[in-house]
Amino acid sequence: MPRKSWPPSKLPMPRTILPREFYVETPDLVAQKLLGKLLVRPKEGKEARIIEVEAYFGQNDPASHSAAGKTARNAVLFGPPGHAYVYFIYGMYYCLNVSCEPDGQPGGVLFRGVEGASGPGRLCKAFGITRERDNDVDFTSRKSSLQILDDGFVPDDIVVTPRIGISKDKDRLARYLLPHRK
DNA sequence: GGAGCGATGTCCT
DNA sequence: GGACATCGCTCCG
């Protein structure tokens, strides 16, 4: 019988900003670790739990924006880990990622959903995220306008499926989500 | 409820 | 010029 993940006890757990080291790993590992963490806009009092993500690898991943090499648009993916990569898509939506892997190596995780906003475009709309405002923001800084916090939540289960909306490498299992709560 | 499709800007071949 | 890591609106059953 599965138990509720939180609270495991009555004791509150301090909220901490995820450090740079959290992101110095392959995108699939970072993606899974991000599930259950909190996406926060501190100044605007917006926050929501991350419930759906996708991993995009730097190499050997034709579906990734970094597959064709570094350009002005995707430069953040090649930079230091823990930074926001925001791109504009389909003429009307933004999508939010976080860079992974050591500085110089491409790779990232796409945020596909938080509680209350399902879908990468709607997530960005809910948080007011745009490329102009938020591209290259450092998620790990106390001063940043976007942060990712750990409040101690630990998921019971992680569901793995192929990624959504791509045309290449459709079968790769790189989408991770938390099962719907009862 | 599910398939189909138009909107619409930017990037890269 | 075509593709695109999307969404919401039609239409059809």
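The structure is a predicted model, in which local features need pLDDT of at least 70, side-chain atom pairs count only at pLDDT 80 or more, and totals for chains, interfaces and linings use all residues. Residues are numbered from 1 along each chain as its sequence is written, and side-chain values use heavy atoms, with hydrogens and water left out.

**Exercise 1.** State whether Met92 is buried or exposed.

Solution. Step 1: Met92 sits in the loop between strand S4 (84-89) and strand S5 (93-99); strands (E, at least two residues) are DSSP runs, numbered from the N terminus. Step 2: buried means under 20% relative accessible area, exposed over 50%, and partly exposed in between (1.4 Å probe, protein chains only). Step 3: Met92 has 57% relative accessibility, so Met92 counts as exposed.

**Exercise 2.** Classify His65 by its relative accessible area and give its distance from Arg142.

Solution. Step 1: His65 is found in the loop between S3 and helix H2 (75-78); helices are DSSP runs too (H or I, at least four residues). Step 2: the relative accessible area of His65 is 27%, so His65 is partly exposed. Step 3: from C-alpha to C-alpha, His65 and Arg142 are 28 Å apart in space, and 77 residues separate them in sequence.

**Exercise 3.** Describe the make-up of the lining of the second largest pocket.

Solution. Step 1: the lining residues divide into 14 nonpolar, 9 polar and 5 charged. Step 2: Ala, Val, Leu, Ile, Met, Phe, Trp, Tyr, Cys and Pro count as nonpolar, Asp, Glu, Lys and Arg as charged, and the others, Gly among them, as polar. Step 3: strand S3 (46-57), S4, S5, strand S6 (107-114) and helix H3 (120-127) each supply at least two lining residues.

Terms used
Chains lettered and ligands numbered in written order.
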